[in-house]
Amino acid sequence: MSTRDNWRNLGFLAGWVVLLLFVPPTFSIYIRSFFMFLMMYVILSLSWNIISGYTGYISFGHVVFYGIGTYATAILVVDYGWHWIMAVAASGLVGAIFAILIGYPVLRLKGPYFAIAMLGAAEGTRVIAINWVSLTHGADGIAYPNIENSFETYIAMLVLMVIAVIVAYWVGHSRFGIRLNAIREDEIAAESLGVNTTFYKMAALVLSAIFPAMAGGIQGYKTLYIEPESEFFILITIYMKLFAMFGGKGTVIGPVLGAFILYSVQEYTWIRFPTAHLITFGIFIILVARFMPRGLIGFAVDRGWARKGMVH
Amino acid sequence: MLAGFLVIAYSLPFAIGIYTENVFFDRQWLADLATVVLNGVMQGGVYAMFAVGLTMIFGVMRIINVAHGEMVMLGAYLSWMSFFWLGFDPLLAMVFTLPIAFGLGWMIQKFLLNAVVGGPELTPLLMTFGLGLAMIYAVEAVFTTDFKSIPYAPDSFQLTETIVVGKSRLISFVMALVISVGVFMFLKKHRIGKAIRATSQNADVAMVCGINIYGIYMVTSGISAALAVAGGVLVSIQFGFNPETGIIYTLQAFAIIVLGGRGHYIGAMIGGVMLAVMESLISFMLPNGTALVEIAAYGLMIFVLLIRPRGLMGPKTD
Amino acid sequence: MAETNEIALQVKDLKKHFGGIKAVDGCSFDLPKGKISGLIGPNGSGKTTIFNLMTGVLGADSGEVVYRGENIVNLRPYQVFNKGISRTFQITRIYREMTVFENMLSASSMRVPESEAREQAEKLMEFVTLTPLRGEYGGNLSYGQQKLLEFARALMTDPEIILLDEPAAGVNRTLLQNLLAHIHHLQEEEGKTILIIEHDMNVIMNHCEKIFVMDYGVKIAEGLPDEIQNNEYVIEAYFGHK
Ligand SMILES: Nc1ncnc2c1ncn2[C@@H]1O[C@H](COP(=O)(O)OP(=O)(O)OP(=O)(O)O)[C@@H](O)[C@H]1O
Ligand SMILES: [Mg+2]
């Protein structure tokens, strides 16, 4: 990727930021929060993509970082009186530390074992969140003081998304990302050719945990009420995974595209067919995994519309 | 290493129980403990049975079917439907629920999984994940997320003066034993059962020997689904369930086969009993323990994967 | 290069058993510096296992590999690589869903700036005539091209010792001549130490200065090509009793 390409892509991003900054906030609160959640899923899919798309460690429990983040923010704001922005920033740190703690055991597992261990980690954390009442308020959840904050949270999410996109872009166009790819392709070869796989996998997991934790924090503050079942909801993992896979895992634009398209689709369908749309999503995962494992971007690459690889 | 870990793991509930003063060591408490362990062992029989279904698929196709728990959940609903809609005894209804399950497993294999056996291992993982999701919400569309249960043999047996066993649990245990032994006999004696074992030893050799391995895959999936549904039926007469409980069964079954050793049937039986006993110990001795039983599966699974990835009885290499 | 008798690396009484299989069972040899050496032996004699032990892919049961005065056995593979020992694999392990160029870049040292790494990658791709395929997925290359890619990738960090596991297997004659020319170039012009595992005796006898022979996990002979050709133990190991 030449410097010129980098500047062009940065310009592209800036254009989107200007659009997102000025257009949706002028509409209703509903439109504003729709775009806020859309941006949140862009962040989540890009994050999942770092560990699962680039590094090949498919996580079935990524919601755990998001859930931890919503809780960290809510506890710091409601119980300790922090400013919400400080709390969201701290949640990123909490997410990172949590990633290191669970990464140490689970990153030694491969393939399906990693996937299911992450699922177990997420479910286990949910159970703990329900039962550790003194910290999390248990199943009752935590309520924020009731205020209208859709504009601040929208801007916060936009800023976080811009950072997440830039980080994802850097990962996707650097030797760091290439080394993650090498781990995905063949861990023994990567290790034999100079990649400290333990370190790189951990770095990937931490990066992919920070942003969901912070996004979760903002989301909780915006929603004003959190409780374990909805913050550790497995469907959130499914969305990240599906959006990234549909767009094309292991690319930067793929997860963004996937989140844009599918989140809009789900917003449209789920009001009309609340259960049917989830059944459809299940079937959709099957079809994508079977027939389009490299997503829309892979489809474009196969037809020669886009170049192979991420560094040229 | 593993033995040491297991000793620590099983003493942990006792330690916490003592710390939180839930443990007394008097006569009554010991009798309760015996009851709890006995119930755990019986529950373990049921777990083991549906875990054998998961381990069979893994053994034969190297696929981890994450929709297995959803199949258990579906079994519970089949049982509920036959009880409330058709007025059948859930156990008797197995005469037709199990063949239905077999057919379902057969078709899933034929139309979804046959194409991806032997390919990248994450493809079937994602596909069965999608399948599980579709199953959850298909059931939810009909039955909502409300918890359902079946009032079945609610009374209990007084074994001794102090040890009590729920009748439905005892019946489930016996049924699970009968079905498991049946499946073992089938695998040992029947021509198709032998072919299944040959395929899990070495699919290529099996194919060369004239075994139609895709046929074997379909039979295996069918049996696996039937075992899951049987598990669901036996769960349904003891506990409440809703469409989302499937994921717990998947994790339990997975924890069991990790514990016992992947692809290993006897290992799965032992793993099932070990998990269930652990769960009963947790619910008995920890404050608010019933809410924490799920932790047993995740905890055992993660630590066994780390300490001894091949489990108790698994082969040295994959 | 001046004739020297310096030693690049010493293998000392290395042992590795897999259950009952004694894959490497007390093997020792000194790898001469700045020369091309060969490691031969019947199938299953433990050659690849020696490479795996030298590069940290496997941990040893006992024994040492001494490099620059330091025992490198049981280091992690990336540490061995970063010390300047690079390798290829018997069955190629190129990254299939990464382009040729990305394969190359993945093996660059993070200590050199990216621009320099890119130049090095371009140079090496040119060297093994893969430049026209630089944007193609590794998995789409022919087997021989994959061998070349793996060879070039192993040179990205300018290693001092290069271990090649059956570089000739599956490579056609023209490509093989190219490859051998490259190997000679590395030794003569850049003073690299090279150790080749190979079943193709033409390659071994015509291109190696020193040969080590293994059988059942131990070294049974070492010497110059013509010494080895006439060594009775070697003949016995390969052809059984006469
Ligand atoms: N990871 C392993 N686990 C178990 N056994 C192994 C392993 N690696 C090698 N072996 C065994 O060790 C012995 C030596 O194997 P090795 O690959 O070193 O032989 P080799 O000399 O390279 O043979 P070839 O010329 O066929 O490549 C063989 O019997 C092999 O089966
Ligand atoms: Mg070999």
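**Aromatic rings in a predicted model**

In chain A, one aromatic cluster is formed by A:Phe34, A:Phe35, A:Tyr41, A:Tyr239, A:Phe243, A:Tyr263 and A:Phe281. This is a predicted model, where local features need pLDDT of at least 70, side-chain atom pairs count only at pLDDT 80 or more, and totals for chains, interfaces and linings use all residues. Residues are numbered from 1 along each chain as its sequence is written, chains are lettered from A and ligands numbered from 1 in the order in which they are written, and side-chain values use heavy atoms, leaving out hydrogens and water.

Rings of Phe, Tyr and Trp (its six-membered ring) pair if their centres lie within 6.5 Å; planes under 30 degrees apart count as stacked, over 60 as edge-to-face and the rest as tilted. By this rule there are 34 aromatic pairs over all chains. Let's look at one: A:Tyr41 and A:Tyr239 are edge-to-face, because their ring centres are 5.4 Å apart and their planes stand at 75 degrees. A:Tyr41 belongs to helix H2 (residues 29-54) of chain A and A:Tyr239 to helix H12 (residues 234-247) of chain A, so the pair ties together parts 198 residues apart in sequence. Helices here are DSSP runs (H or I, at least four residues), numbered from the N terminus.

Are these two tyrosines buried or exposed? Buried means under 20% relative accessible area, exposed over 50%, and partly exposed in between (1.4 Å probe, protein chains only). A:Tyr41 has 6% relative accessibility, so A:Tyr41 counts as buried; A:Tyr239, at 5%, counts as buried too. A:Tyr41 also pairs edge-to-face with A:Phe243, with centres 5.6 Å apart and planes at 75 degrees.

Definitions and conventions: Helix = DSSP H or I, 4+ residues; strand = E, 2+ residues; numbered from the N terminus.
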